[in-house]
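This briefing gathers points to look for while reading a sequence beside its three-dimensional model. Please keep both in view and find each residue as it is named.

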Amino acid sequence: MATGFFTHPECRLHEMGQWHPECSARLSAIEDQLIANGIDPLIHHEWAPLAEEASLARVHTRAYIDFVRDTAPEQGYAEIDADTQMNPHSWRAALRAAGASVAATDAVIAGRYDNAFCSVRPPGHHAEPARAMGFCFFNNVAIAARHALDVHGLARVAIIDFDVHHGNGTEAAFAGDERVLMCSFFQHPFYPFSGFDNQAPNMVNLPMPARTRGMEVREAIDLIWLPRLGAFRPQMIFVSAGFDAHREDELGNMGLVEDDYAWITRQVRDVAVRYANGRIVSCLEGGYSLSALGRSVVAHLKALANL
Ligand SMILES: [Zn+2]
């Protein structure tokens with residue numbers, strides 16, 4: 001299988017202060033591990049384009065897009081949320097991150113790749129249609145899913161979110177939209193303190209207590225996600241790929257390891273192969289232990305590429 005890998009150097013220039021965990025070293029850690037594991041030559045690298053405003057506006061309000069653009073400082077930092085800041089490069093980094101997910105969607109639908117991973121930052125799944133939060137500005141996965149539905153005319157897409165935090169922004173964008181099935185698990189109670197009550201029938205939220213390990217997550221996916229995905233028959237699958245449920249990650253308190261991410265990815269790939277011509281676009285969300293992040297992305301990519 002051919003797997004695309006979308007990233008851009010401008011994604012590394014966005015930074016939110018010296019000690020902020022959502023840092024550019026995350027992307028370096030991923031690329032180091034791709035090289036160390038010998039899979040770098042086996043995936044196809046592409047630079048992400050800047051997202052067009054029309055793409056952003058399929059999820060976000062015009063007023064919010066203008067607000068983010070106008071908030072970007074010429075020097076120093078501008079605070080947009082208690083834990084989310086902009087520096088002079090953040091606007092273009094956010095456009096590259098959203099542009100990656102849209103370009104990856106185009107490439108996969110065109111058949112240039114079977115699936116693709118976007119190694120980008122800032123992440124997206126906490127960004128609501130009119131609000132930045134939790135290190136996120138634009139909801140990369142939601143923008144890509146709307147692009148697949150509205151531009152390419154797909155009828156049904158699934159969104160898988162395995163970040164340790166609930167994807168409140170993605171839920172806000174799609175709750176009640178019957179073209180979308182969103183399956184997620186997340187630590188609960190935990191930031192952003194949403195998702196434990198399913199807001200709409202198309203939301204399959206699995207709140208899990210701290211210290212939940214991979215075997216329990218796999219069991220829940222097997223019992224709950226997979227039957228729903230099979231009944232929904234998605235034509236394409238988008239993944240909010242956060243790796244902060246890893247047991248070494250200090251921003252979460254769950255107990256997953258690389259093998260769990262490989263297993264989850266294989267299940268998603270099996271669903272995609274059965275119903276969606278194999279089409280998957282996965283976008284990096286969280287994951288803050290640099291070593292665990294790099295190793296987990298390798299496991300995810302190996303499963304995507306069937307290596
Ligand atoms: Zn997270």
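Glutamate 128 and arginine 131 form a salt bridge, their closest N and O atoms being 3.5 Å apart, and arginine 131 is partly exposed, with a relative accessible area of 43%. This is a predicted model, and in it the count of salt bridges comes to 17. Side chains of opposite charge can pair when their charged atoms come close.

**Salt bridges**

- Aspartate 150 forms a salt bridge with arginine 179, and here the closest N and O atoms are 3.0 Å apart. Aspartate 150 lies in helix H5 (residues 140–151), while arginine 179 lies in the loop between helix H6 (168–174) and strand E7 (180–187), so the pair ties together parts that are 29 residues apart in sequence.
- Both partners of that pair count as partly exposed, with aspartate 150 at 41% relative accessibility and arginine 179 at 29%.
- Arginine 218 and aspartate 260 also meet through their side chains in a salt bridge, at 2.9 Å from N to O. This pair links distant parts of the chain, since arginine 218 is in helix H7 (residues 214–232) and aspartate 260 is in helix H8 (residues 258–275), 42 residues apart.
- Are arginine 218 and aspartate 260 buried or exposed? Both of these residues are buried.
- A network of salt bridges links Glu53, Arg62, Asp66 and Arg69.

**Cysteines**

- How many disulfides does a search of the whole structure find? The search finds zero, and cysteine 118 is in no disulfide, although the sulfur of cysteine 283, the nearest cysteine sulfur, is 4.0 Å away.

- The UniProt record, an unreviewed entry, places the feature "domain: Histone deacetylase" at residues 20–304.
- Helix H5 has 12 residues and reaches 16 Å from its first C-alpha to its last, which is close to the 16 Å expected at 1.5 Å a residue.
- H5 is mostly covered, with 10 of its 12 residues buried, and among these buried residues are Val141, Ile143, Arg146, His147 and Leu149.
- After H5 comes glycine 153, whose phi is positive, near 75°.

**Backbone features in loops**

- Arginine 121 and proline 122 are joined by a cis peptide bond with an omega of about 5°, and proline 122 is placed in the loop between strand E5 (115–118) and H5.
- Histidine 188 and proline 189 are also joined by a cis peptide bond, with an omega of about 0°, and proline 189 has its place in the loop between E7 and strand E8 (203–208).
- Arginine 211 has a positive phi of about 75° although it is not a glycine. Arginine 211 lies in the loop between E8 and H7 and is exposed, with a relative accessible area of 68%.
- Asparagine 277, which is not a glycine either, has a positive phi of about 55°. Asparagine 277 is in the loop between H8 and strand E10 (280–284), and at 62% relative accessibility it counts as exposed.

Definitions and conventions:
Residues numbered from 1 in each chain as written. Predicted model: local features only at pLDDT ≥ 70, side-chain atom pairs only at ≥ 80, totals over all residues. Heavy atoms only, no water. Salt bridge = Lys/Arg side-chain N within 4 Å of Asp/Glu carboxyl O. Buried < 20%, exposed > 50% of the residue type's maximum accessible area, 1.4 Å probe, protein only. Helix = DSSP H or I, 4+ residues; strand = E, 2+ residues; numbered from the N terminus. Disulfide = S-S within 2.5 Å. UniProt positions renumbered as here; feature names shortened; annotations may be inferred. Expected span 1.5 Å × (residues − 1).
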